[in-house]
Amino acid sequence: MVKKFFKYLGFGFLSVVIFFIGIGVVTSINTIDKEVVFEPYIAKAIPKLTSWEQSSYQELMSEDGFNGATPEQWTLYLNQFSKLGEFQSIGKAELQNWKTLSPIDSPSVTYAIYQVPVTFSTGLAHVQLALQSSEDKVEINSIKFLSDILMQ
């Protein structure tokens, strides 16, 4: 009787371990190579974003991300950001955080947050980009410009 109990307990425990290993394998299969997908996208997107044109933001951002602000708010934001001056160069993008969601009924989506040092005519600033990638399409969910010049 006791042997049967431990036998069933062992099979139950083994089933749980195999389940979690399976989840890990499925998640790793659906994960993209962030350096290959996001970093080239960032290198192309930053010069467009620093043109301070609303159409560039609409082109690069997800629909939810762009429509999170009204056209009047975008005008105010871009006027404020333009105080940074002209784009000069971009540094190495640093991955801050990431996650991959693998729903059963839809394609996997990888979310990542990068902080990118960018040199402007007024000096160094950082751009924080929240990106998403799904089905070979990369979009920006949010953008933050971090600089002391914007605090003035």
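The structure is a predicted model, in which local features need pLDDT of at least 70 and side-chain atom pairs count only at pLDDT 80 or more, while totals for chains, interfaces and linings use all residues. Residues are numbered from 1 along each chain as its sequence is written, and side-chain values use heavy atoms, with hydrogens and water left out.

## The chain as a whole

The chain has five helices and five strands. Helices (H or I, at least four residues) and strands (E, at least two) are DSSP runs, numbered from the N terminus. Read from the N terminus on, the order of the elements is α-α-α-α-α-β-β-β-β-β. The radius of gyration, which is taken over C-alpha atoms, is 22 Å. Along its principal axes, the C-alpha trace spans about 80 × 30 × 30 Å.

Of the 152 residues, 30% count as buried. Buried means under 20% relative accessible area, exposed means over 50%, and partly exposed lies in between (1.4 Å probe, protein chains only). The chain exposes about 10000 Å², and carbon and sulfur atoms supply 59% of this area. Accessible areas come from the Shrake-Rupley method with a 1.4 Å probe; for residues, only the protein chains shown count as cover.

A contact means heavy atoms within 4.5 Å. Among the contacts with a separation of 6 or more, residues 24 or more positions apart account for 53%.

The chain carries 11 positive and 15 negative charges, and their mean positions are 17 Å apart. Lys and Arg count as positive and Asp and Glu as negative, whereas His and the chain ends are not counted. The place of a charge is NZ of Lys, CZ of Arg, CG of Asp or CD of Glu.

## The nonpolar core

A nonpolar core is a set of buried Ala, Val, Leu, Ile, Met, Phe, Trp, Tyr and Cys residues joined through side-chain atoms within 4.5 Å. The largest one holds 31 residues, of which Tyr57, Leu129, Ile140, Ile143 and Phe145 touch the most other members. Two or more residues of this core come from each of helix H2 (34-49), helix H3 (54-60), helix H5 (71-81), strand S3 (109-120), strand S4 (123-134) and strand S5 (137-146). H2 gives the most, with six residues.

Not counting residues up to four places away in sequence, Tyr57 touches Leu49, Trp52, Phe66, Trp74, Leu78, Phe81, Ile143 and Phe145.

## Single residues

| Residue | Relative accessible area | Class |
|---|---|---|
| Met61 | 6% | buried |
| Thr50 | 7% | buried |
| Trp52 | 16% | buried |
| Phe87 | 26% | partly exposed |
| Glu35 | 56% | exposed |
| Glu135 | 63% | exposed |

The contacts below leave out neighbours within four places in sequence.

Met61 sits in the loop between H3 and helix H4 (63-66). Its contacts are Phe66, Trp74, Glu139, Ile140, Asn141, Ser142 and Ile143. Met61 and Gln132 are 71 residues apart in sequence, and their C-alpha atoms are 9.7 Å apart in space.

Thr50 and Trp52 belong to one connection: Thr50 is in the loop between H2 and H3, and Trp52 is in the loop between H2 and H3. Thr50 touches Phe87 and Phe120. Trp52 has a phi near 60°, a positive value in a residue other than glycine.

Phe87 is in strand S1 (residues 87-90). It touches Ile46, Pro47, Thr50, Val118, Thr119 and Phe120. The C-alpha atoms of Phe87 and Gln132, which are 45 residues apart along the chain, are separated by 24 Å.

Glu35 is part of helix H2, and its contacts are Pro40 and Tyr114. Between Glu35 and Ile149 there are 30 Å, C-alpha to C-alpha, and the two are 114 residues apart in sequence.

Glu135 is in the loop between S4 and S5. Its phi is near 50°, which is positive in a residue other than glycine.

Technical notes: Rg over C-alpha atoms; globule rule 2.2 N^0.38 Å.
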